[in-house]
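The sequence and the model are shown first, and the description follows.

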Amino acid sequence: MLFDVARPDAAGRVTARPLLRALGWTPGLALHVDVVHAAVLITPAPDGAHVVGTRQELPLPAAARHFCGIAPGDPVLLAALPGRDLFVVHPSHTIAAVLADLHARILEESR
């Protein structure tokens, strides 16, 4: 699993060149975009409604951004899973909640 951080532009695109290279995804590749557990999942799909952009950016459709609470300029955690040919976009508030829980457990165990 590979990670990066990005900020969606006003059109909801995120640039992710190193992760796309690791996946072997090139501009024009058709994509399927779905939302699962408040994360945006992106996979290649011959009949996909979206594509990798010419500047190696990924689309985050408005409905997916709205459902996940992602606004333009908000930091998002990008995760590429090359073995599964999958790209996941996590909103920052989800990452903050996961880390808050982890840190609470760490602090509790260190007492």
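In this predicted model, the largest nonpolar core has 22 residues. Those with the most contacts inside this core are Trp25, Val40, Ile42, Leu58, Leu78, Phe87 and Val89. Several elements contribute to the core: H1, S3, strand S4 (39–44), helix H2 (62–68), strand S7 (76–81) and S8 each supply at least two of its residues. A second, separate core of 5 residues includes Ala39, Leu81, Leu86 and Val88. As a general background, nonpolar side chains in soluble globular proteins tend to be buried together.

How many aromatic pairs does a search of the whole structure find? The search finds 1 aromatic pair. The ring centres of tryptophan 25 and phenylalanine 87 lie 6.2 Å apart and the ring planes stand at 40°, so the pair is tilted. This pair links distant parts of the chain, since tryptophan 25 is in the loop between helix H1 (17–23) and strand S3 (30–36), whereas phenylalanine 87 belongs to strand S8 (residues 86–91), 62 residues apart. Beyond its neighbours within four places in sequence, tryptophan 25 is in contact with Leu20, Leu31, Ile42, Thr43, Pro44, Val52, Leu58, Asp85, Leu86 and Phe87.

Glutamine 56 is another buried residue, with a relative accessibility of 18%. Its place is the loop between strand S5 (50–51) and strand S6 (57–59). When residues up to four places away in sequence are not counted, glutamine 56 touches Val14, Thr15, Ala16, Arg17, Leu20, Arg21 and Pro27.

The overall architecture can now be set out. The protein has 3 helices and 8 strands, and along the sequence these follow the pattern β-β-α-β-β-β-β-α-β-β-α. Along its principal axes, the C-alpha trace spans about 55 × 30 × 20 Å. Of the 111 residues in the protein, 33% are buried. Among contacts with a separation of 6 or more, 60% are between residues 24 or more positions apart. The protein exposes about 6,500 Å², and carbon and sulfur atoms supply 59% of this area.

The surface has a nonpolar patch of about 240 Å², made by Leu99, Leu102 and Ile106. Isoleucine 106 lies in helix H3 (residues 92–109), and leucine 102 is found in helix H3 as well. Isoleucine 106 counts as partly exposed at 44% relative accessibility, and leucine 102 counts as partly exposed at 35%. From leucine 102 to proline 91 there are 11 residues in sequence and 17 Å in space, C-alpha to C-alpha.

Charged side chains meet as well. The count comes to 1 salt bridge, in which the side chains of arginine 13 and aspartate 9 meet at 2.9 Å, N to O. Arginine 13 is partly exposed, with a relative accessible area of 36%, and aspartate 9 is also partly exposed, at 26% relative accessibility.

Phi of histidine 37 is near 50°, a positive value in a residue other than glycine. Alanine 38, likewise not a glycine, has a positive phi of about 60°.

At 70% relative accessibility, histidine 66 counts as exposed. Histidine 66 and arginine 17 are 49 residues apart in sequence and 24 Å apart in space, C-alpha to C-alpha.

The table below gathers relative accessible areas for some of the residues discussed.

| Residue | Relative accessible area | Class |
|---|---|---|
| Histidine 66 | 70% | exposed |
| Isoleucine 106 | 44% | partly exposed |
| Arginine 13 | 36% | partly exposed |
| Leucine 102 | 35% | partly exposed |
| Aspartate 9 | 26% | partly exposed |
| Glutamine 56 | 18% | buried |

Note on methods: Residues are numbered from 1 along each chain as its sequence is written. This is a predicted model: local features need pLDDT of at least 70, side-chain atom pairs count only at pLDDT 80 or more; totals for chains, interfaces and linings use all residues. Side-chain values use heavy atoms; hydrogens and water are left out. A salt bridge is a side-chain nitrogen of Lys or Arg within 4 Å of a carboxyl oxygen of Asp or Glu. Buried means under 20% relative accessible area, exposed over 50%, partly exposed in between (1.4 Å probe, protein chains only). Rings of Phe, Tyr and Trp (its six-membered ring) pair if their centres lie within 6.5 Å; planes under 30 degrees apart count as stacked, over 60 as edge-to-face and the rest as tilted. Helices (H or I, at least four residues) and strands (E, at least two) are DSSP runs, numbered from the N terminus. A nonpolar core is a set of buried Ala, Val, Leu, Ile, Met, Phe, Trp, Tyr and Cys residues joined through side-chain atoms within 4.5 Å. Contact means heavy atoms within 4.5 Å. Patches are made of residues with over 30% relative accessible area and no salt bridge: like charges are joined within 9 Å, nonpolar side chains (Val, Leu, Ile, Met, Phe, Trp, Tyr) within 5 Å. Accessible areas come from the Shrake-Rupley method with a 1.4 Å probe; for residues, only the protein chains shown count as cover.
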